[in-house]
Amino acid sequence: MDEDVLLVENLPVEGSSPAGGVISVWTLNRPEKLNALNKDSHTALKQACDEAEADDNVRVVVIRGASPPPVPEGKRQKPAAFAAGADISEFAGKNSDEVRPFFEDNAWERVWNLSKPTIAMVDGFALGGGTELALSCDLRIASTRAKFGTPEINLGLIPGGGGTQRLSNILGYGKAMEMVLTGEMVGSEEALRLGLINDVVEPEQLESRTMEMAENIAKKSPYTIKVAKRAVRSALDLGMSEGILAERSEFVALFDTEDKEIGVQAFLERKDAEWKGS
Ligand code: COA
């Protein structure tokens, strides 16, 4: 496996409690191929998910794409990309038996199933599997030059990393159908209007805006954050009545945690909460 396809950097969160909290920043690192996701990218992402899940210090995961390297004068500069999709070169000549095992254990689902909050930081192209990876995250912050889309239809394919389902959930049936059937790209202003992304900023501000949001979340109780993610997520799987019951059960159970008492007392005493994470 090419270890460099994904760079993992754990950045300390100042003032996190319990102490030692980090934001784990994962950089898809194939800028020459617009960070297209090949087999090694999936293996590396799955491994990073396992490590983040097992490491109590990891409070938030941010996924980004490596910037294109500068090119010599006269050569064409490659565009910025989060990820321009699955690596199309790995599709050539393959039949269903050959691709099935890969798609049955893929990185999109592993990111989706992380219990910790995830943020996609999207600069430039997020196409096909790139849009799907962004959709596997809980939040998406994009630059003004970001472009989303599911162009698989142009390859005689459909999205295979959860795109048809997660797009329908987030955009609604009509717009998801339009994106999947036409393969047309959506710019960041439209993506914001559609609710596909949470915020859009100039490329120069993308990192600071994303880290600001990551730090905000990383400073909450890590225990309560997981419960909050699980409760909101259950809205996708459960009907309203069942979902309300699930929320109530999670809410009531929080009254047996140390962090509920710590949070409430901190408010009453007008001081910062020092979370225990339990
Ligand atoms: N898989 C494999 N390689 C890819 C790729 C992908 N999904 N997307 C881009 N690349 C490669 C190109 O082949 C090219 O490689 P090369 O320099 O060795 O020839 C390099 O990345 C740069 O891409 P290029 O197409 O030259 O850039 P561009 O600015 O002309 O166009 C895109 C950018 C994103 C519009 C175009 O690359 C594209 O359409 N990519 C495929 C998107 C897609 O269909 N994704 C869904 C896959 S399921």
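**View 1. Lysine 33 and the ligand in the predicted model.** A polar side-chain atom of lysine 33 sits 2.5 Å from a ligand oxygen atom. This is a polar contact, a pair of N or O atoms within 3.5 Å; within protein, one must be able to donate a hydrogen and the other to accept it, and residues adjacent in sequence count only if both atoms are side-chain atoms. The model is predicted: local features need pLDDT of at least 70, side-chain atom pairs count only at pLDDT 80 or more, and totals for chains, interfaces and linings use all residues. Residues are numbered from 1 along each chain as its sequence is written, and side-chain values use heavy atoms, with hydrogens and water left out.

**View 2. Lysine 78 and alanine 84 at the ligand.** A side-chain N or O atom of lysine 78 is 2.8 Å from an oxygen atom of the ligand. Alanine 84 uses its backbone: an N or O atom there lies 2.9 Å from a ligand nitrogen atom. The protein buries 67% of the 860 Å² that the ligand exposes when taken alone (Shrake-Rupley method, 1.4 Å probe).

**View 3. The shell around the ligand.** The ligand has 18 residues around it (a heavy atom within 4 Å). Lys33, Lys78, Ala84, Ala86 and Ile88 come nearest. The shell holds 11 nonpolar, 1 polar and 6 charged residues.

**View 4. Serine 17 in its loop.** Serine 17 lies in the loop between β1 (6–12) and β2 (22–28). Its side chain has a polar atom 2.9 Å from the backbone nitrogen of tryptophan 275. Beyond four places in sequence, serine 17 contacts Arg59, Lys220, Pro222, Ala273, Glu274 and Trp275 (heavy atoms within 4.5 Å). Serine 17 counts as buried because its relative accessibility is 5%, and buried means under 20% relative accessible area (1.4 Å probe, protein chains only).

Conventions
Ala, Val, Leu, Ile, Met, Phe, Trp, Tyr, Cys and Pro count as nonpolar, Asp, Glu, Lys and Arg as charged, and the others, Gly among them, as polar. Helices (H or I, at least four residues) and strands (E, at least two) are DSSP runs, numbered from the N terminus. Buried means under 20% relative accessible area, exposed over 50%, partly exposed in between (1.4 Å probe, protein chains only).
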